[in-house]
Amino acid sequence: MNKLQVLFTSEQLKSISDQITLAIKEHQKLVDDINVKPYLKLNEFADWTGFTKPTIRKFVKAGLPVAIVDNQKMYGKQTYINWLKTKEQ
């Protein structure tokens, strides 16, 4: 197996560590925000469900209810769960 060794100065290592820590905190804040909100925008809803935006649009065409506020579609988490339950066999 080939190996590659990369050497960093202590300043570079600290910078990388700080950037990783910041990215993790920002991601966690996004996750926390999404988990608290009962209604999500399409991008957030896609992240929350794990489905792609085109798949979610197919769900809407198949009957998934959405709320429209100021011409913005909002996707309810509990609405989605209830809609999925109607699809169970």
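Helices (H or I, at least four residues) and strands (E, at least two) are DSSP runs, numbered from the N terminus. By that scheme, N71 lies in the loop between β2 and β3. The model is predicted, so local features need pLDDT of at least 70 and side-chain atom pairs count only at pLDDT 80 or more, whereas totals for chains, interfaces and linings use all residues. Residues are numbered from 1 along each chain as its sequence is written, and side-chain values use heavy atoms, with hydrogens and water left out.

**Helix α2 and T49**

- Helix α2 spans residues 42-49, and T49 is placed in it.
- Buried residues (under 20% relative accessible area; exposed means over 50%, partly exposed in between; 1.4 Å probe, protein chains only) in α2 include L42, E44, F45, A46 and T49.
- T49 has 18% relative accessibility and therefore counts as buried.
- The T49 side chain reaches two backbone atoms: the oxygen of A46 at 3.4 Å and the nitrogen of F51 at 3.1 Å.
- Contact means heavy atoms within 4.5 Å; apart from neighbours within four places in sequence, T49 is in contact with I56 and Y80.
- After α2 comes G50, with a positive phi near 85°.

**Aromatic pairs**

- Rings of Phe, Tyr and Trp (its six-membered ring) pair if their centres lie within 6.5 Å; planes under 30 degrees apart count as stacked, over 60 as edge-to-face and the rest as tilted.
- Six aromatic pairs are present in the structure.
- In one of them, the ring centres of F45 and Y75 are 5.0 Å apart and the planes stand at 20°, so the pair is stacked.
- This pair links distant parts of the chain, with F45 in helix α2 and Y75 in strand β3 (residues 72-76), 30 residues apart.
- Both partners are buried: F45 has a relative accessible area of 0%, and Y75 has one of 3%.
- F51 and F59 form an edge-to-face pair, at 5.0 Å centre to centre and with 80° between the planes.
- In that pair, F51 is partly exposed at a relative accessible area of 34%, while F59 is buried at 17%.
- One aromatic cluster is formed by F45, W48, Y75 and Y80.

- A salt bridge is a side-chain nitrogen of Lys or Arg within 4 Å of a carboxyl oxygen of Asp or Glu, and the structure holds two.
- D18 is partly exposed, with a relative accessible area of 39%.
- Another salt bridge joins the side chains of K37 and E44, at 2.7 Å from N to O.
- K37 is partly exposed at 32% relative accessibility, whereas E44 counts as buried at 16%.
- K37 is placed in the loop between α1 and β1 (39-40).
- Leaving aside neighbours within four places in sequence, K37 is in contact with E44 and K77.
- The C-alpha atoms of K37 and K85 are separated by 21 Å, and the two residues are 48 apart along the chain.

- L4 is placed in the segment before α1 (10-36) and counts as exposed at 77% relative accessibility.

- Most residues other than glycine have a negative phi.
- D70, which is not a glycine, has a positive phi of about 50°.
- D70 is placed in the loop between β2 (67-69) and β3 and counts as exposed at 77% relative accessibility.
- N71, also a residue other than glycine, has a positive phi near 60°.
- N71 is exposed, with a relative accessible area of 79%.

Note on methods
A polar contact is a pair of N or O atoms within 3.5 Å; within protein, one must be able to donate a hydrogen and the other to accept it, and residues adjacent in sequence count only if both atoms are side-chain atoms.
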